[in-house]
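Good morning, and thank you for coming. Please look at the sequence and structure first.

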Amino acid sequence: MGNDEIDGEHQAFLTLVERVSRLIEHGTRSEIMDASTAMVALLNVHFVTEERIFGETPYPDAAAHRVEHRVLLHMAIHAKKMIDRVEDVGFIRLSLRYLAQSLVEHLLETDMGYRCYLRKPEI
Ligand SMILES: [Fe+2]
Ligand SMILES: [Fe+2]
């Protein structure tokens, strides 16, 4: 993206999604729970960072982007709660897989929308 803070969080996030995806296939319920807890915590931090940074630019889709963050966070919190309550591991795995896909899609598509507003004017 060209912003060290955002790039660092995206990298950490992708590493975590990769970990969750691996655990979905081969991990225990408690490992999946720990990784998804870390994912929700990182999402909270990252969305605040991103909204602060693009909020300081003339990015025109800021409001819609914030709404998408709320939806993704809601999905992530719901998935995490489900791990606590639902016994059907197959259902949990499928839900986490869809969540990971939605998050990566957001990062690769929606986040790209404000990228050009981060560039400093050339001197
Ligand atoms: Fe992002
Ligand atoms: Fe975003």
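**From one residue to the whole chain**

Setting aside residues up to four places away in sequence, Ala 100 touches Val 17, Val 20 and Ser 21; two residues are in contact if their C-beta atoms, placed from the backbone, lie within 7 Å. This is a predicted model, in which local features need pLDDT of at least 70, side-chain atom pairs count only at pLDDT 80 or more, and totals for chains, interfaces and linings use all residues. Residues are numbered from 1 along each chain as its sequence is written, while chains are lettered from A and ligands numbered from 1 in the order in which they are written.

Ala 100 is among the residues with the most contacts inside the largest nonpolar core, together with Val 20, Leu 96 and Leu 99. That core has 15 residues; a nonpolar core is a set of buried Ala, Val, Leu, Ile, Met, Phe, Trp, Tyr and Cys residues joined through C-beta atoms within 7 Å. Buried means that 20 or more other C-beta atoms lie within 10 Å of a residue's own, exposed means 12 or fewer, and partly exposed is in between. Helix 1 (4–26), helix 2, helix 3 and helix 4 each supply at least two residues of the core, and the largest share, five residues, comes from helix 4. Helices here are DSSP runs (H or I, at least four residues), and strands are runs of E of at least two, numbered from the N terminus.

Let us turn to helix 3. Its 24 residues reach 35 Å from first C-alpha to last, close to the 34 Å expected at 1.5 Å a residue, the expected span being 1.5 Å times one less than the number of residues. His 65, Ala 76 and Ala 79 of helix 3 are buried, and their cover includes helix 2 and helix 4 (89–110).

How do helix 2 (residues 29–55) and helix 3 (residues 62–85) pack, and at what angle? The angle is about 170°, with the axes 10 Å apart; axes are lines fitted to C-alpha atoms over the stretch in contact, and angles run from 0 to 180 degrees between N-to-C directions. The two helices are therefore roughly antiparallel, a term for angles over 145 degrees.

Finally, the whole chain. The protein chain has five helices and zero strands, and buried residues make up 18% of its 123 residues. Its C-alpha atoms fill a box of roughly 55 × 25 × 20 Å, taken along the principal axes.

Technical notes:
Parallel < 35°, antiparallel > 145°, perpendicular 65-115°, else oblique.
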